[in-house]
Each structure stands twice: as C-alpha cells, then as structure tokens.
Amino acid sequence: MTFTSGAELADPLAELLGDNAIDAAIAVAHPNIALVKYWGKRDESYLLPVTGSLSMTLDIYPTTTAVRVSAEPADTVELNGRPAVGEAYTRVARFLDLVRERAGRDEHAVVVSSNAGPTGAGLASSASGFAALAVAAAAAYGLDADARALSRLARRGSGSACRSLFGGFAVWHAGEGDGEAGDVSSYAEPIDGDALDPALVVAVVDDEAKAISSREAMRRTCDTSPFYLPWADASRIDLDEMRKAVARRDLPAVGEIAERNALGMHASMLLARPSVRYLSPRSVALLDRVLALRANGIAAFATMDAGPNVKVLCARADEQRVIAALREGGDVADIQLAHLGPGAALVTDGPR
Ligand code: DP6
C-alpha cells in the first residue's frame, strides 16, 4: 500500500482530524469498473458473490474519507457535505460495527466522506466509498489488517469495494461456501495487466442517483430472472477467458469479453420480474456509436453498470477519436477520460 502526502487533503477532512487527533485517519480510494461483472449474491449477509469478477481501478472520481474515533453516543456520518440519513447512514454504521468487533473496541466514530464523482449513478461510488472507509476505519481503530483482510472487510460494505483496494486490474475470487467459510475465501487481489494500459472513456448520460439500487436490482434478478443462471454460467467462462486475454495484453479480446458480459448482465435484468432497465435511449445511441467505431476499424468496446452511463474501453492511441465519436449528437452530459488508477491508500497514519 502506498502513502500519499497529507498536503493533498481537502481542508474540511483535515480539520476533522484536528491537531491533536488520536485514533483518526484519512484514506483515498478510486472507483473500479468491472470488465467481468459481479451480479448476484449467494450469501446476502456476508456479501458473497455467485461468480468471480475482474475490474480495472480508475484514476478519476476518488473518494476521500476521514474517520475519527469519538466519545459521542452514536456514529455521525457526513457524505458530500450533508449528514447521512436512512439506508446510507445504516450501511456505514453497520460497517463500523464490523470494524469495532474486529478491533475489540466499542467507541463510535465521526465519518466525513466526499466523492469527486457522481454518487449512486452507476459510476462505482459505493466501491470507492467503502474501500476508503475500510482503510480509514481500520487505521483509526488500530485494526491490524493486511491487504487481503482489508479487501474482505471492504466487501462487507459493498461487494465491488473489495476490488478498489488494489490499483490496476483486480480479480475478486468468489470463494467457496457461505458464512464464515465463504468470508475468508472471497477477496480481491491484483493481477498483472498494467502493460495493457487501456483508456476507459466514461460517457455520463445522467449523473442523478438511480431509482433502483444495484443491491435491490441484483437480488431481484437472481430471484426471478430465467436468464440469471445462464448468465452466471457464461460469466465463469468469461472470467477465465478474460484473465488469459489480460495476461497476453489482447485488448480486442478483453473488450469483446467485457462487452458481452455486460450486455448479458443487462439482459438478465430485463427479464427480472418486475423488469429492471438501467439503459436509456441515450445509452443505446452510445452503443450504436461504439459499433460504428468498430466498423471503422477502431477497437472500442462498451460496458455498463447499474445506471445509464456507458464506459468505452479502447487503446490510449484511440482515446481522442473515441471521445469525439461519443460527443457527436450532443446527448452526453459529460465525458471523462480514465486510465488505470491506484489502490486505496491512507493519507495520514493512524492511530497517532
Ligand atoms: C453492476 O457492489 O454496488 O457495478 O454488493 O450490493 O453493494 P452490493 O453491490 P455493488 O454492485 C456492483 C454491481 C456492478 C458490477 C460490478 O461492479 O461488478
């Protein structure tokens, strides 16, 4: 794990720690985008996936999270400048319970977190969010955890967060068994793929929070879609082939597998009862542009998560042509260019 300078910290977060802070830490984590998706849990309470997945961590949209152990009677949580309430608060407080249990401590904490990117819009804010929280909270409570233990911990906050512990490409092993047995065997680890060094062009169609959470959509797909098991079976093969394609630096193969895996996931959601549809007409128009790029000889491939935004994988040499093609038509709210990013890291030592 690398440590970056505290000088980069946003002021409000640094202020939270104060001059004499003890048992406090700040961490930064980046979102990751799965090229072979995690969609479906075999154990809802331990967040154990049905299938393994593979992702790239991005260098955009970091989450910065500060945690200070406090004498207050309850946890306080601020997300993007506002007090967290309802489900958002409960997820953080439950997560802190896990950290406290492992650290053998019972004090509450003050948590302040901010996302540089859109929150809850299918742009992996829960992945960067829980990865940053896992690293900061473990340090603040003095939990002795290695990268694998932190990955398992982050998984309990949001499954995909276990992959954001690592920079570059990461594989999340599904693991075996449920409950505690599943818990120890289901973690992410980095895989060598840095030489592939692709670009990921993020076409933001809509940065509003989605109407249906990925957690609910995933549950509904697993429980009701006749396409779910066929997708999961195909996804195991996709993961195998994807690992080989990454290892041989075969970008067209990586892109082809990523695109079919994502389309299959969305197809399985469409057949859930009731149906879940994240893709909008604008998303589909972007998929057409990706097809047109390929027809013109550019290896560009799309992937979509729990939202209408489309991410296009391509070689760095083609990134500007891809950006220009996605901008055509003017129906994209924003375009962001991402490359491989770093793993989650502390920006302050804790406890001090
Ligand atoms: C479509 O990790 O957000 O982005 O574990 O319920 O918190 P929970 O779900 P979450 O789901 C991510 C789903 C996805 C695919 C992926 O990232 O692999």
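Biologist: Which strands does helix α8 (residues 251-270) lie across?

Modeller: Helix α8 lies across β13 and β14, and runs at about 35 degrees to β13. Please keep in mind that this is a predicted model.

Biologist: What makes β13 and β14 a strand pair?

Modeller: Two strands count as paired when there are at least two bridges between them. Four bridges join β13 to β14, so the pair meets that cut-off. The two strands run antiparallel, and Phe301 stands opposite Leu313 in β14. They form a hairpin, with five residues between them.

Biologist: Which strands make up the open sheet they belong to, and in what order?

Modeller: Four strands form that open sheet, in the order β13-β14-β12-β15, with antiparallel pairing. The edges are β13 (301-304) and β15 (334-338); each has a single partner strand, so one side of each lacks a neighbour in the sheet. From one strand to the next, the twist averages 25 degrees. Strand β12 (residues 199-204) pairs with strand β14 (residues 310-314) in the antiparallel sense over five bridges, and there Ala199 stands opposite Cys314.

Biologist: Why are both faces of β13 called covered?

Modeller: A residue is called buried when its relative accessible area is under 20%. Phe301 and Thr303 on one side of β13 are buried, and Ala302 and Met304 on the other are buried too, so by that cut-off both faces are covered. As background, side chains in a regular strand alternate between the two faces of the sheet.

Biologist: How many strands does the open sheet with mixed pairing have?

Modeller: That sheet has six strands, in the order β8-β7-β9-β6-β1-β16. Its edge strands are β8 (82-83) and β16 (345-346), each pairing on one side only. Strand β1 (residues 24-29) and strand β6 (residues 63-70) run antiparallel and are joined by six bridges, with Ala24 opposite Arg68 in β6. Helix α3 packs on the sheet, touching β1, β6, β9 and β16, and its direction makes about 35 degrees with that of β6. Helix α2 (residues 86-103) lies across β7 (76-79) and β9 (108-115), running at about 125 degrees to β9.

Biologist: Which residues have the most contacts inside the largest nonpolar core?

Modeller: They are Trp39, Val67, Leu96, Leu133, Leu153, Leu165 and Tyr278, in a core of 53 residues. Helix α3 (residues 125-140) gives the most to this core, with 11 residues.

Biologist: What is Leu133 in contact with, leaving aside its neighbours within four places in sequence?

Modeller: Its partners are Thr65, Val67, Val92, Phe95, Leu96, Val111 and Ala138. Each of them counts as a contact because heavy atoms come within 4.5 Å.

Biologist: How many residues of domain 1 are in contact with domain 2?

Modeller: By that cut-off, 36 residues of domain 1 touch 46 residues of domain 2. The area buried between them is about 3,100 Å², with carbon and sulfur atoms giving 67%. Leu35, Lys37 and Trp39 supply 27% of the area that domain 1 buries against domain 2, more than any other three residues. The C-alpha centres of the two domains lie 24 Å apart.

Key
Residues are numbered from 1 along each chain as its sequence is written. This is a predicted model: local features need pLDDT of at least 70, side-chain atom pairs count only at pLDDT 80 or more; totals for chains, interfaces and linings use all residues. Side-chain values use heavy atoms; hydrogens and water are left out. Axes are lines fitted to C-alpha atoms, for helices over the stretch in contact, and angles run from 0 to 180 degrees between N-to-C directions. A nonpolar core is a set of buried Ala, Val, Leu, Ile, Met, Phe, Trp, Tyr and Cys residues joined through side-chain atoms within 4.5 Å. Buried means under 20% relative accessible area, exposed over 50%, partly exposed in between (1.4 Å probe, protein chains only). Domain bounds come from an automatic or database domain assignment. Buried area is the accessible area (1.4 Å probe) that two parts lose on being put together, summed over both.
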